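Open the model in your viewer and keep the selection panel at hand. Each stop below says what to select and what is there.

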Amino acid sequence: MAETQGILMPLIQSECQILKNYRDRGGYEAAKKALSMTPDEVIQEVQASNLRGLGGAGFPTGRKWAFVPKNSPKPVYLVVNCDESEPGTFKDKYIITKATHALIEGIIIASYAIGAHTAYIYIRGEYVRQAEVLEQAIQEAYDNGILGKKVLGKDYALDVYVHRGAGAYICGEETALLESLEGKKGWPRMKPPFPAIEGLFRCPTIVNNVETLSYVPFIIKNGARWFAEMGTERSGGMRLYCVSGHVNKPGVYELPVTTTLREIIYEHAGGVPGNKKIKAVVPGGSSSPPLRPEELDVPAEFDALMKLGTMAGSGGIIVMDEDTCLLEILTVTTHFYHHESCGQCTPCREGTGWMDKILHRMLHGEGRIEDVDHLEEIANGIMGNTICPLGDAAAMPVLGYLKRFREEFESHALYKKCFDGEFAELKAAS
Amino acid sequence: MPTITIDGKELTVDEGKTVIQAAEEAGIYIPRYCYHPGLRIVGQCRICLVEIEKMPKLQVACYTRVQDGMVVHVNSEKAKRARQQVLEFLLVNHPIDCPVCDQAGECYLQEYYMQFGLYDPKMIEDKNKKHKAVPVGPHVMLDSERCILCTRCVRFCDEISKTSELGVFNRGDRSELLPYPGKTLDNPYSANVVDICPVGALTERDFRFKVRVWYLDETKSVCPGCATGCNIEIHTSKARPYKNEGRRIARLKPRYNPEVNDYWICDYGRYGFLFVDDDSRIQQPLVQKDGQFNEVEWDNALYMIHGVLNQALENGKSVRILGSPQMSNEDLYALKRFGNEVLEIHDIPVTVKPLEKPYSDDFLIREDKNPNTRGAALLGFDTDHAATEKLLADCRNGGVHSLIIFHHDLFKGFAAEDVRSALDKVETVIFVGSNMQPTAELATYILPACTWAEKDGTFTNHAGRVQKFDAAVDPLENSLPEWKILRRLAKQFGHAFAYFEAEDVFRDMAKKVPAFAGMSYRALGDRGMVINENGRPSQQAEVKEELTVVSK
């Protein structure tokens with residue numbers, strides 16, 4: 001098999017859940033290097049690499065680490081967010097099962113940089129086998145002196161624990177995750193204080209995504225510049241794109257963040273089956289507003305997509321061909337957020353359910369033209385008015401689909417069928 | 001101290017204050033559901049969203065702390081629209097069953113809907129179904145469909161009663177407030193959750209469906225249930241006696257006093273008013289003849305009692321008094337004068353310690369179940385149980401000819417044998433009290449005293465705080481406040497107590513008793529004053545009512 005390009009992909013393909021395989025590929029050299037640096041130097045290196053939070057928010061990782069108060073009398077914690085539950089996202093599970101030791105090495109470097117001696121991996125409850133693999137790899141690391149009282153023989157102690165969630169999307173939100181980790185109901189916290197100041201057990205805590213941490217060893221090994229140069233001015237490196245939907249080769253692709261959506265879909269994922277036209281593309285997990293086919297020549301990267309009013313999010317690219325009913329897509333999406341809303345604050349709790357009911361009614365052919373406006377008003381009432389971003393995540397697709405594909409919904413409301421050319425004439429005539 | 005601008009008003013507020021508190025100081029009321037000044041701030045209901053300049057999103061006023069130079073717009077179009085939408089969201093799954101809801105009239109969904117509701121609802125979907133009319137505890141009924149999940153009650157049980165019976169179960173719009181499995185909302189403070197519930201989700205099992213709240217009158221009062229003296233409001237239904245099973249007092253509600261009880265009262269106090277409209281109330285002076293009580297007119301009763309006491313005094317026989325710490329300062333002061341000046345009695349015991357040690361805790365409930373033991377002590381009464389014991393011993397030895405007992409049921413503090421053997425030796429027992437009870441039945445004369453809810457007066461709580469209570473209803477039938485009874489009886493002996501109102505007694509007392517020097521009903525205000533131990537009584541700032549709606 002030809003050697004795959006990329007950073008994490010080659011590891012994933014060479015079974016790096018086994019320590020020997022990882023060591024053969026130069027594993028844990030970066031951690032040794034990091035432990036001989038000062039924590040500040042590590043943070044500076046990561047900051048210079050333009051590594052951004054790949055869980056979806058895209059916050060610069062190094063800057064986040066620098067928020068941890070120096071010489072805090074309280075213990076500092078690293079929490080690894082492995083609650084990967086945004087629909088259309090399935091990258092972290094490959095890292096956990098196949099590049100496990102890269103994650104562990106990333107955890108060592110990050111913990112050292114922020115001064116943590118305890119790290120928790122919060123893994124979603126549905127990842128049963130993945131959690132087992134993770135536990136095995138951690139045990140292997142302990143057995144080989146990589147974790148424990150003396151990490152890699154250096155005078156630095158680190159313990160890593162795996163905590164399995166119980167299957168709530170909301171627990172991927174970092175403060176809800178912390179609540180859940182503390183044994184409470186997964187209700188997001190009010191901010192400030194941010195977790196870096198007051199997080200797990202009210203102590204300074206950094207929450208990072210699995211993929212984010214897995215890139216850290218390579219930044220330390222190859223230098224910040226190497227990573228930064230692969231990307232744009234403000235966002236470095238490569239990332240894992242999860243391509244699903246109407247493509248010939250769905251799957252995970254590791255590509256530089258400068259790659260455009262069109263390249264990802266047509267050059268890497270093999271294009272659309274049956275050479276159909278694309279109707280819509282969701283660029284970053286189900287909560288990101290969709291793009292129209294003519295907008296696909298945009299790098300799948302945080303800042304570029306934000307300019308288009310959508311987001312790179314978790315890198316979950318969902319492709320929909322011309323025969324897709326977008327009302328059905330939005331109904332399923334909204335139903336998901338309705339089902340997963342934690343119920344703590346009013347707009348999201350009541351708004352998601354209301355939108356879900358309206359969309360279901362429309363889907364059953366009982367839509368009214370004013371429903372389209374109502375959906376938009378409800379989504380606007382949720383947007384930005386909630387404690388955590390789940391409210392926004394529920395509102396954004398509704399606003400996004402209505403902004404770019406309003407005619408699809410008006411067609412369903414008026415004629416109980418998907419939009420086609422006929423409708424345009426009818427609408428023009430009415 | 002930061003200076004901020006709220007709706008064009010510039011004001012300087014204390015560091016650490018939240019926007020909602022600062023706005024309140026400026027006289028601008030920001031709507032709230034989950035925010036309660038006595039509980040942890042959670043920012044869940046989102047009804048207090050306001051616009052703050054230089055912040056991209058709307059912020060919740062309850063959680064956002066003021067910063068110097070902050071410019072807040074409570075009534076900008078954007079903020080008003082957001083609040084309207086939050087209210088709209090709250091009503092999406094609300095049953096809107098106001099006509100059959102006991103909260104109607106004091107419901108903050110109604111209140112805010114009148115102020116900024118949508119008036120043109122868009123919601124046409126089916127509403128979610130949840131549990132209805134669930135008795136979650138001995139005093140509280142839950143209607144989950146009406147609940148807006150503000151979690152005030154959950155936080156109350158976590159933070160104030162520290163019993164943690166309630167939680168929010170399930171997720172999203174299926175979320176539901178319920179007691180934890182196997183638990184009931186049964187703690188000494190449980191009914192406070194009804195007070196803080198802004199909607200009709202939690203209602204009082206005793207009060208619900210008895211009387212509509214807009215028929216109620218409110219009177220400021222003090223709880224007579226123990227020595228804490230929690231500030232309360234008495235809610236009465238006077239105009240419609242056919243409602244509420246003829247009870248004039250509909251319910252008691254806590255009244256905010258940060259020096260005593262904050263926003264809370266205990267359930268014992270809250271439901272301790274039932275004796276006021278009870279069938280056992282004594283409504284007319286009674287004279288016992290051959291085991292039968294006969295009603296007599298006040299003048300006749302006082303004439304007969306005067307005759308008995310006067311004869312005893314003239315014959316050099318002993319007349320004794322057992323006062324009560326249930327009596328107000330005014331009553332006790334009149335009793336002190338009556339004892340000293342008319343009967344020349346100087347040692348008057350007041351305390352009967354109950355046989356069983358009553359429940360108490362380290363929050364509001366005190367072991368001493370009398371509201372005015374401290375006041376009695378300050379007025380020179382003997383508050384030692386041993387003094388009462390000695391009085392009964394004197395009776396048993398045949399040394400007491402006549403005994404006037406105020407309120408006490410001696411059987412609660414002494415063995416039945418001890419009580420009977422003592423009172424049997426007393427020629428004439430005169431009982432002054434509000435309700436019939438075993439000790440009263442042993443008396444020859446019974447004089448009807450009115451309850452605390454039927455008179456003006458003051459109590460001095462365990463910490464020496466003198467607090468005023470007002471008459472909520474008229475004295476039942478021919479009952480009278482004790483000071484009035486004593487004034488009339490003194491008149492029989494030729495002594496004139498020149499008191500026409502309870503305030504006259506208090507004024508006289510403040511003049512004569514150093515502990516109360518400088519106090520007056522007016523000065524006591526809504527929060528009371530601490531007794532004068534080193535010269536001047538201390539006074540507190542004016543009361544700020546919680547949940548007062550400033551209508552626009």
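Predicted model: local features only at pLDDT ≥ 70, side-chain atom pairs only at ≥ 80, totals over all residues.

Residues are numbered from 1 along each chain as its sequence is written, chains are lettered from A and ligands numbered from 1 in the order in which they are written, and side-chain values use heavy atoms, with hydrogens and water left out.

Select chains A and B. Here 38 residues of chain A are in contact with 37 residues of chain B (contact means heavy atoms within 4.5 Å). The two chains bury about 3,000 Å² between them, 52% of it on carbon and sulfur atoms (buried area is the accessible area, with a 1.4 Å probe, that two parts lose on being put together, summed over both). Next pick M190(A), W354(A) and K357(A), which supply 23% of the area that chain A buries against chain B.

Now show R171(B) and E340(A): they form a salt bridge, with the closest N and O atoms 3.1 Å apart (a side-chain nitrogen of Lys or Arg within 4 Å of a carboxyl oxygen of Asp or Glu). Between chain A and chain B the count is five salt bridges.

Move to chain B and select domain 2 (127-277) and domain 3 (286-519); the bounds come from an automatic or database domain assignment. Their C-alpha centres lie 34 Å apart. The area buried between domain 2 and domain 3 of chain B is about 2,500 Å², and carbon and sulfur atoms give 63% of it. Finish on E454(B) and R248(B), whose side chains meet in a salt bridge at 2.7 Å, N to O.
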